[in-house]
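The following paragraphs lead the reader through a structure, chain by chain and then through its nonpolar cores. Please keep the sequence and the coordinates in view while reading.

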Amino acid sequence: MLAAAAAGCATVVRPPGPFPEPAPLPEPAARTENLAIAGLLDGARADAAAGRLANAAASLERALRIEPRNPRLWQELARLRLKQGDYAQAESTAARSNSWAGTDNALRAENWRLIAHAREARGDAEGARAALDAAERQR
Amino acid sequence: MYQTIASGGFRTPLRAIREVTTQDGRPLRRYALAVEQAFPPEPMYLITTAMQGVVREGTAQSLKNWLPPEAAVAGKTGTTTEQRDAWFAGFTGDHLGIVWIGYDDNRAARLSGAGAALPVWGEMMAALAPEPLALPKPDGIENVLIDPSSGLRADFACSDALELPFAQGSAPAERAPCASALGVAVEGVKQQAKSWMQRLFGR
C-alpha cells in the first residue's frame, strides 16, 4: 500500500495513500469513558467525514481537556492532523498517543502506521519503513 | 522548560487564547493544540523521578504539610546567590506550577526556595485537589539495586540497598563491596524477569 517514494523529490510532497480508517470504539470496560467524551468523539468523526476538519479538531481538543491521558483521543487527533496535511503534527501527536498507550499493542501499532503515513507524506521513505517495522513489532 | 519535562518530553506551546469568535460564536481564528516530541521519554523519566526524590526526602519535604505522599509530586526548590530569589517548581499528575519570589530591583529578598516559594506553591496546589503523578515507565529504563554508600551494584546482602532507575545499560557494572558476584547476578535475572512480566501482563 505504501507508494514507492521517489528518493529525489525534495520539493514535492507526495499525498499519502488512503488514510487508515478509525477503529470502532472499544468496549467501555477497556478505559474510563464518559458520555461527554463519547459525544465529542462522535461529533469529531462526523465533522471530519464532512470535511469540517477545524471543528473536528476543536471537539477533540475539548475531549482531551477532559481526559488528557486518553491515548485513543490523541490517536484520533493524529489521524485528523494527517487529513489536515500537518504531517509533523500528525507524527508528534501519534507519538504522544504512544506515550499513554501502555500495553495496548494494537493501539501502538496503529500509531506507528500513522507515523509511517506522515513520514511518507514528507518524503521520508526510510523513516516510513522504520515506522512500519515498529508497527509489526507491536505484537 | 518544566512543561516539557512534566509531559514526558512533549513540548506544547502554552496558549492563553484558544479561539477568537464572533459574538454569535462563529470562529474567526483558532490556535490549535500543537505537540513536539523534544526529548525521548527516558531522560524525562529520570529527571522526574529525581524530582520526586526532592519532595520525598530532599529540600522540598515540607510539602507534606499541603499534599500527601500519595500525590508523588515532583519538585525543585531554588535559592539564587545571596538569596536574591526564591523559587519552587513542581508538578502533579495534572498541574504544573512555578513560584518566584523576589524584589523587582534584584536586591536580596533573603528568602529560600523551600522557606518562601514552596509554601505558596503548596497552598495553591492543595486547593486544586491535584491528581497523583503516575509516570509510565519507558521501555529504555531499567531498575537496578544500588548500594548508596559506594554507588555500585548491590544485592540482598547489602543493608541499605535502593532500587534506582537507569537508562538501560548505564547502571554501574561494578559490584559494591557488600555484594557477592552470585547475588548481583541473581538481582539481574530477577529484574529481567520482572520487566518481562510487566511487558506481558501490564505496566
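Accessible areas are computed with the Shrake-Rupley method and a 1.4 Å probe, and for residues only the protein chains shown count as cover. On this basis chain B has an accessible surface of about 11900 Å², and carbon and sulfur atoms account for 57% of that surface. For chain A the accessible surface is about 6900 Å², with 56% belonging to carbon and sulfur atoms.

The model is predicted, and local features need pLDDT of at least 70, side-chain atom pairs count only at pLDDT 80 or more, and totals for chains, interfaces and linings use all residues. Residues are numbered from 1 along each chain as its sequence is written, chains are lettered from A and ligands numbered from 1 in the order in which they are written, and side-chain values use heavy atoms, with hydrogens and water left out.

Chain A contains six helices and zero strands, in the order α-α-α-α-α-α. Chain B has four helices and ten strands, arranged along the sequence as α-β-β-β-β-α-β-β-β-α-β-β-β-α.

The C-alpha trace of chain B spans about 70 × 45 × 25 Å along its principal axes. Its radius of gyration, taken over C-alpha atoms, is 21 Å, whereas a compact globule of 203 residues would have a value near 17 Å by the rule of 2.2 Å times the number of residues to the power 0.38.

A residue is buried under 20% relative accessible area, exposed over 50% and partly exposed in between (1.4 Å probe, protein chains only). Buried residues form 45% of the 139 residues of chain A and 36% of the 203 residues of chain B.

In soluble globular proteins, nonpolar side chains tend to be buried together. A nonpolar core is here a set of buried Ala, Val, Leu, Ile, Met, Phe, Trp, Tyr and Cys residues joined through side-chain atoms within 4.5 Å. The largest such core has 17 residues, and A:Leu60, A:Leu64, A:Leu73, A:Trp74, A:Leu77 and A:Leu80 have the most contacts inside it. Two or more of its residues come from each of α1 (35-49), α2 (53-66) and α3 (71-83) of chain A, and α2(A) gives the largest share, six residues. Leaving aside residues up to four places away in sequence, A:Leu60 touches A:Leu41, A:Ala44, A:Glu76, A:Leu77 and A:Leu80, a contact being heavy atoms within 4.5 Å. Apart from this core lies another, of 15 residues, including B:Ala60, B:Leu67, B:Val99 and B:Ala116.
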